[in-house]
Amino acid sequence: MPKTTLIVGAGPAGAALAFLLARRGLDVTLVERERDFSRVFRGEALMPCGLDALAQMGLLERMLELPGVRLESWDVFLDQTPVMHIPEQIAELGDRAVRIISQPAFLEALIEAASQYPGFHFESGATVRGLLYKTDGETGTRVCSGVRVAGTDSERPLHADLVVGADGRASVVRKRSSLELKLLPESYDIVWLKLAAPEELVGRAPIHVYASGPEAALGYISWDGRWQIAWMLPKGTWAAVREQPWLEQCAKLMPESLGAHLLNERERLDGPFILDVVVGRCANWSEPGLLLLGDAAHPMSPVRAQGINMALRDAIVAANHLVPALTEDAPLDAALHAIQREREREIIPVQKLQLSEVRGQRWARERPWLMAPMLRYVVPLIANRPWIAKLWLRQQRSLRIGVREVTLQV
């Protein structure tokens, strides 16, 4: 008899896996604590590897119809001065060129696609309070058998043969299980702001990198045509920074016209929203009856938007192993271990690449006496040469295309 699956967290990993399992006729319940996806800010950049995953699921065409913009370039500014412009590979990548999407619309579309299948059940506004366990009569093993969820007026059990924790970097499922997260040496906070687009960026879609000394920020036109800013701060410093003229400090990183626009929109900002960046990886992603996926198993750095893209690839690999294990009378443990082994071959190198990128940027920013003359006088002379763009894109390839091939087999 086919086994039942309960997935906690309707983010990209959870919603995509629910769709893939339901499409194969399996009984899947997806629970999500939020009632409205727009209440939580999640990553919204789809890299070629994430778009390829959606294409393999047969969902790319539907996702391209959602509100979104196709990235046109990467532009770097040092001390308010433009020093590098890298056009995005739109002609080469076509529908798989980097795209900024509305993640609420994206998740709603995934759930709508899963809802076509009778075995799929979705519960929003259901908060997981704890895990349920039973003892296997033959082996005496402690096995996860479901969760306790709280709704608006009651708490109740939900039972399943397999529980999948896809509930993000602050995963309740992970915290209630025996699985532990080992943090990696990459720690900072991000201040998110959103506002009307400055006139010079209306109708355009570049990603801007602003740097000055040890400080840095990122700016891009989001799916709704507004300007999204991510300002990076040392871990735990926001409480002190916000007591200062913090918006002026952020604006000083940008070219004068953009900084002035930010200050002029002070009263109409969405935010600030603070993202506590936690980067790490569980030594074990599973215990009997339970599997962690996405940021619950390996919270990613925001560098190059790997969270959403790795989550979609997690879902493909998990489906490849889970469909046979859930439809046949076979133990799940071997499938759960196989998922971790296969995904670690990509996740570990990607996290190392992200860490290397962050350290490299920090090293350069902390040595302005060395980097400033080079970036101001040398780089502008060569920045528009085609080989510079090719060199940068080649260096970024693994964070865009993926470290290894991921193929949907079920």
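1. Let's start inside helix H2, where Pro 48, Cys 49, Gly 50, Leu 51, Ala 53 and Leu 54 are the buried residues. Buried means under 20% relative accessible area, with exposed over 50% and partly exposed in between (1.4 Å probe, protein chains only). Helices (H or I, at least four residues) and strands (E, at least two) are DSSP runs, numbered from the N terminus.

2. A word on the model: it is predicted, so local features need pLDDT of at least 70 and side-chain atom pairs count only at pLDDT 80 or more, while totals for chains, interfaces and linings use all residues. Residues are numbered from 1 along each chain as its sequence is written, and side-chain values use heavy atoms, leaving out hydrogens and water.

3. What covers those buried residues of H2? The cover includes strand S3 (45–46), helix H3 (60–64), helix H4 (90–93), helix H5 (103–114), H10 and helix H14 (397–401).

4. Now look at H2 (residues 48–56) beside H10 (residues 306–327): their axes come within 8 Å and cross at roughly 35°. Axes here are lines fitted to C-alpha atoms, for helices over the stretch in contact, and angles run from 0 to 180 degrees between N-to-C directions.

5. Which residues meet at this crossing? From H2 come Cys 49, Gly 50, Ala 53, Leu 54 and Gln 56; from H10 come Asn 309, Met 310, Leu 312, Arg 313 and Ile 316. Contact means heavy atoms within 4.5 Å. By type, the residues of this contact are six nonpolar, three polar and one charged. In that count, Ala, Val, Leu, Ile, Met, Phe, Trp, Tyr, Cys and Pro are nonpolar, Asp, Glu, Lys and Arg are charged, and the others, Gly among them, are polar.

6. Cys 49 is buried, at a relative accessible area of 1%, and Cys 250 counts as buried at 0%. A search of the whole structure finds zero disulfides, a disulfide being a pair of cysteine sulfur atoms within 2.5 Å.

7. Gln 354 sits in helix H11 (residues 333–365). Is Gln 354 buried or exposed? Gln 354 is buried, with a relative accessible area of 0%. Its side chain reaches the backbone oxygen of Ser 301 at 2.8 Å. Leaving aside residues up to four places away in sequence, Gln 354 touches Glu 186, Met 300, Ser 301, Val 303, Gln 306 and Leu 399.

8. Finally, the whole chain: the secondary structure comes to 14 helices and 21 strands, and buried residues make up 52% of the 410 residues.

How values were computed:
A polar contact is a pair of N or O atoms within 3.5 Å; within protein, one must be able to donate a hydrogen and the other to accept it, and residues adjacent in sequence count only if both atoms are side-chain atoms.
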